[in-house]
Amino acid sequence: MRPETKSLALHLGLLALLVIAQFVVSPFHHGNLSRIMVLAVFAMGYNVLFGYVGLLSLGHALFFSAGMYGMGLAMQHLGVSALAAITVGVFSAFVLSAVVGAVALRTTGVAFMIVTLMLAQAGYLAILYFGTYTRGDEGFVIQPELRTIAGLDLTDPTVRYFAAFLVLAVCLLLTLRLVHSSFGRVLVAIRENEERARMLGYDVFRHKLIAVIISGTLSGAAGAVYGLLFGYVGATFATVQYSILPLLWVLLGGAGTVIGPFIGTLFMFYLIDFSSGLTSAYMVVAGVVLVLLTLFAPQGLAGEVKRRLLPWLP
Amino acid sequence: MLAVQRMRQKPLDKLFACIQTHFTAKATGWQIRRGTEMAKKLIKPTFDTRRGVLQKMAIGAGALAGASAMPGLMRYAQAQSSEPIKIGFQCHRTGIGAAYGRWYERTSDAAVARINDMGGINGRPVELVIEDDGTDPKRGAEVLEKFAKQSNCDVAFGTLFSHVVIGSAPTAGELKLPYFVVSEGHHVASGMLNRYTLQPGITDVRSQVIAMAPFVADNLGKKVTMIFPDFAFGHDHRDYFSAAIKEKGGEVIEMIAIPPTETSFTKYFPKIPRETEVIYHVMVGPAVLTFVKEMGEFFGSNKPEIFGFIDSLEAVDINSPGLEFLEGTYFWEGNPRYAQADQTSFDKNYREAVGVNDQGSSITDPSDISTYAHMFGCWETLNIIKKGMETCDYKGPDDRQALIEAVEAMTDMPASDDHPQGTKEFNGKTHQAFGHQYISQVKDKKLNVVHTTPIEAGYYPEEVDYTKQPF
Amino acid sequence: MDFGPYLLLASLEGAVMAAVLALTAVGLSIVFGVMRVVNVAHGEFFMLGAVFAWWVASWAVGHPAIGFVLALILAPILVGLIASAADMIVLKRVEYDPERTIVATIGLLYIIQQVTLMTFGPEARPVQPPFNQRLALPWFEFGENGFAIVWPWGLGTTSYKLFVIAAAIAILLAVWALMSRTKLGLYMRATQLDRQMAQAFGINVERVYVSVFGFGAGLAALGAVLIVPIQQAHYLMGGDPLLLSFIVVIIGGLGSLSGTVVAAVLIGMSDGVISMFFSPTLAKILSTLLVAFILIFRPQGLFGKRAA
């Protein structure tokens with residue numbers, strides 16, 4: 001089998017597993033999986049930039065919350081339908097990532113980290129500043145009767161599960177396609193040696209900018225969907241903590257693998273959930289596990305599998 | 001010796017219990033799902049199909065067990081009747097609300113111990129299932145799902161921070177899980193939330209503010225400068241107070257909204273206009289003590305009247321170095337931190353049960369100051385849950401709607417050992433309680449109540465009628 | 001308040017912030033410069049410094065100054081030792097790989113925060129300053145009667161705040177002397193310039209790393225001990241110093257200690273001065289954007305020599 005076929009089979013296998021999971025797991029884990037799938041889209045978006053271009057952003061909460069607030073404010077103040085609101089959310093993230101990319105890509109490395117961090121921080125403060133519309137830190141509720149698409153009630157666990165699944169599947173296959181495309185290979189070339197890619201005649205800035213836009217738009221889509229599916233829009237999702245989380249998920253799962261972000265998100269979710277059942281000092285458990293992981297699985301979980309077992313893993 | 005052994009065993013027990021619930025939850029999950037599929041074919045599906053099928057299966061299983069061995073059935077029936085009522089407690093154990101969370105937990109533990117000493121609810125013991133929400137709305141919603149689906153709680157309860165309440169409430173509505181919050185936010189009564197979210201144990205901020213305003217205007221001054229956090233909570237203070245003081249012929253001449261995470265405040269104080277007669281301050285978070293101290297340093301001996309919400313000093317010792325200038329200033333208190341001369345027996349008993357001394361700090365560690373102005377809400381809310389469950393003869397999750405209706409039907413809540421903060425009026429339509437507010441003056445480094453507002457002073461037009469919403 | 005006195009007050013406040021920020025950021029800058037790793041737990045070392053200061057001060061008897069001086073000595077040493085241990089147990093084993101270090105130090109952050117929460121508690125706890133007189137400050141005016149000295153309403157500071165500024169300057173000078181005049185400083189600078197070459201010259205790079213990590217954490221703790229009589233010790237207080245000092249290090253230019261100090265002063269002061277002209281939250285938005293735009297137009301930082 002060609003590596004492409006193998007990887008396609010693997011990822012379709014994961015999606016099939018998730019479909020089966022709908023009928024198998026308990027209601028509690030069923031609900032958790034819906035959340036994890038949407039958050040994994042956030043992580044995948046992050047991974048496009050971090051894993052494949054090697055740009056470490058500390059500002060992805062900006063895109064996530066742009067999607068979330070674009071969706072929420074459109075519903076709250078313009079009264080548009082859920083589907084249109086999602087479009088507004090994704091489009092806001094698209095525009096914002098284009099602007100941020102155009103500005104922040106003048107820098108690289110640590111300066112890029114700080115610029116993205118600062119822009120995201122300004123975004124968070126802007127949400128508070130315009131509290132009249134956003135209700136500041138408290139945020140607002142998307143009323144359940146508004147949360148329907150084409151007659152499907154998104155507050156129903158099964159519908160919600162499949163909505164999350166759909167978004168994940170589209171995103172997963174899109175990323176997979178991207179990685180195998182020539183565009184994706186150029187991104188990896190830039191990550192490995194930017195000067196060389198430039199010498200070979202590639203327009204590095206343009207490639208990077210498109211990567212930022214893809215990454216930001218995917219993150220924004222995750223934010224819009226998360227807000228709609230769970231009925232809440234709040235400024236917490238714009239704080240720096242939510243910029244660090246996708247980085248953490250991606251590093252845990254394995255940067256530069258398509259499946260890694262999902263695994264990292266799943267792992268971190270259950271790490272917190274399970275350890276909080278064991279002891280009230282669950283943060284210590286979580287901290288120790290993180291340290292151990294860096295010691296024994298330096299490439300992240302999927303990264304380690306890739307290194308040891310499946311070198312063809314994209 | 002016995003105690004030592006028990007302590008040693010505890011973590012292990014917890015581990016086993018956890019693993020057990022984990023697996024049983026998984027197992028029932030299987031049954032529920034397979035059951036649903038069957039049920040869909042056999043009977044008309046309703047919202048509670050899963051639950052109904054589970055019960056039918058349980059009865060079936062019981063019958064089977066009974067057919068093979070009667071003692072087995074007996075044990076099952078007995079276990080059913082004395083099975084504890086589980087109350088999921090969404091607690092701010094970590095995150096910015098941890099100082100409140102710790103005292104909310106102590107108060108709730110004490111309230112549950114008292115309820116169990118008095119024979120539990122409907123003859124069943126009460127058990128608190130505590131989960132940390134990290135003072136985070138995302139985790140808050142996840143925790144509610146855990147209560148409803150994994151630990152099989154009957155109701156959820158306890159949250160303080162508004163963003164966690166608002167983030168969690170939609171999930172409570174979807175799960176049809178009664179969610180009793182102790183937040184003092186205006187979110188419940190504003191109509192933003194849903195029929196399953198109630199705040200029966202503590203007055204909301206809108207009511208507090210309008211009840212206070214006349215005192216400020218009549219006794220302290222007409223020209224007010226407000227200092228508040230640039231949060232929705234602060235904006236509620238800003239909007240409702242400015243309107244209320246205007247009615248009394250006063251005015252707010254400057255509003256200073258402090259951004260969150262700010263740790264130094266002196267640079268904002270020059271914005272206070274010179275002609276200010278009263279400073280109205282309300283701050284939250286770990287930097288509150290710095291805020292009050294720097295305010296004192298700014299004014300020196302030349303200060304205007306100062307009126308603050310105790311939130312600015314909750315869990316902080318009023319005798320901390322640097323706070324001497326507070327002598328003579330006024331505070332709103334939800335419940336007087338210092339035992340007053342006319343202390344009711346209810347407050348005395350409540351203090352004793354929670355382990356708080358007459359100065360408002362922990363009996364075992366006097367440097368551990370309680371969040372006395374808020375935590376009574378946990379105590380009272382748990383007693384309201386008890387009363388509601390007794391009124392509707394609560395048996396299990398099927399009776400959740402009846403429980404909501406029972407609480408909605410409540411009106412008078414007279415001061416008693418169940419309501420040590422004082423008498424309250426509950427409005428079933430807005431799901432919000434209204435109570436007395438206390439204004440205290442700092443005198444000899446103690447807070448002395450100088451004015452108690454009547455309940456009616458906190459009334460405002462209803463913004464919602466939750467009872468008209470379908471379940 | 002009039003413009004002039006307000007400016008003086010805002011600058012003084014900015015200077016206090018800059019002083020503490022400079023200490024914390026120089027600590028991070030040395031770690032970042034020499035070891036080339038981002039220590040996400042740096043803010044937690046700052047927090048630990050404040051917490052230890054509270055502990056030491058609450059044990060000490062007699063005048064508050066005794067406890068404070070003891071804290072000034074003991075807290076940084078304790079924190080330095082903890083950091084060195086973390087370096088040996090964790091960072092050395094992840095081979096100072098930048099990405100793995102981020103995850104590992106996030107793990108450390110969780111552990112330190114939770115342990116502090118369980119032992120120290122969730123409250124904000126104050127430490128009494130060794131001395132704290134309120135000093136009203138004079139201002140001059142050209143009124144009808146010519147030049148006059150006035151004492152504007154609200155214009156004042158405290159003796160302790162002035163002490164913080166002076167102490168920070170003294171400590172920074174000492175750090176500078178250490179880096180440029182001692183053998184340890186020489187080793188550090190050599191390792192920073194070229195790790196392999198330093199090793200070839202017989203420098204025990206591993207030991208340099210351990211001491212650098214401990215030293216950087218100790219400086220953060222020292223900043224915290226200085227600030228804790230003004231702000232209180234709290235288990236979540238590490239977040240802001242981490243972000244701010246990280247920003248300061250990059251703005252100043254990687255590997256330039258003087259750049260770090262200048263950037264700390266710039267950021268500390270601008271925060272105070274910008275807040276004079278706008279509503280507080282808007283001022284924060286503007287000063288945040290200012291940082292972003294400095295880097296966009298000067299990606300190597302103010303004093304950096306080449307793109308990092």
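A nonpolar core is a set of buried Ala, Val, Leu, Ile, Met, Phe, Trp, Tyr and Cys residues joined through C-beta atoms within 7 Å. Buried means that 20 or more other C-beta atoms lie within 10 Å of a residue's own, exposed means 12 or fewer, and partly exposed is in between, with C-beta atoms placed from the backbone.

This is a predicted model, in which local features need pLDDT of at least 70 and side-chain atom pairs count only at pLDDT 80 or more, while totals for chains, interfaces and linings use all residues. Residues are numbered from 1 along each chain as its sequence is written, and chains are lettered from A and ligands numbered from 1 in the order in which they are written.

**View 1. The largest nonpolar core.** Welcome to a core of 344 residues, where A:Val41, C:Ala22, C:Ala53 and C:Ala221 have the most contacts inside it. Helix H1 of chain C (residues 3-35) gives the most to this core, 19 residues; helices (H or I, at least four residues) and strands (E, at least two) are DSSP runs numbered from the N terminus. In chain B, domain 2 (85-204 + 374-432) and domain 3 (207-343 + 357-364 + 438-456) both give residues to this core, so it lies between them. These domain bounds come from an automatic or database domain assignment.

**View 2. Around A:Val41.** Leaving aside residues up to four places away in sequence, A:Val41 touches A:Val167, A:Leu168, A:Cys171, A:Leu218, A:Ala221 and A:Ala222. Contact here means C-beta atoms, placed from the backbone, within 7 Å.

**View 3. Where chain A meets chain C.** Here 33 residues of chain A are in contact with 35 residues of chain C. On the chain A side, helices H5 (109-129), H11 (241-253) and H13 (282-296) each supply at least two residues, and H5 of chain A gives the most, with 13 residues.

View 4. Most residues other than glycine have a negative phi. Phi is near 50 degrees, a positive value, in B:Thr135, and also near 50 degrees in B:Asn152. B:Thr135 sits in the loop between strand S2 (126-132) and helix H5 (137-150) of chain B, and counts as buried because it has 24 C-beta neighbours inside 10 Å. B:Asn152 sits in the loop between H5 and strand S3 (155-157) of chain B; with 17 other C-beta atoms within 10 Å, B:Asn152 is partly exposed.

Notes: Contact = placed C-beta atoms within 7 Å.
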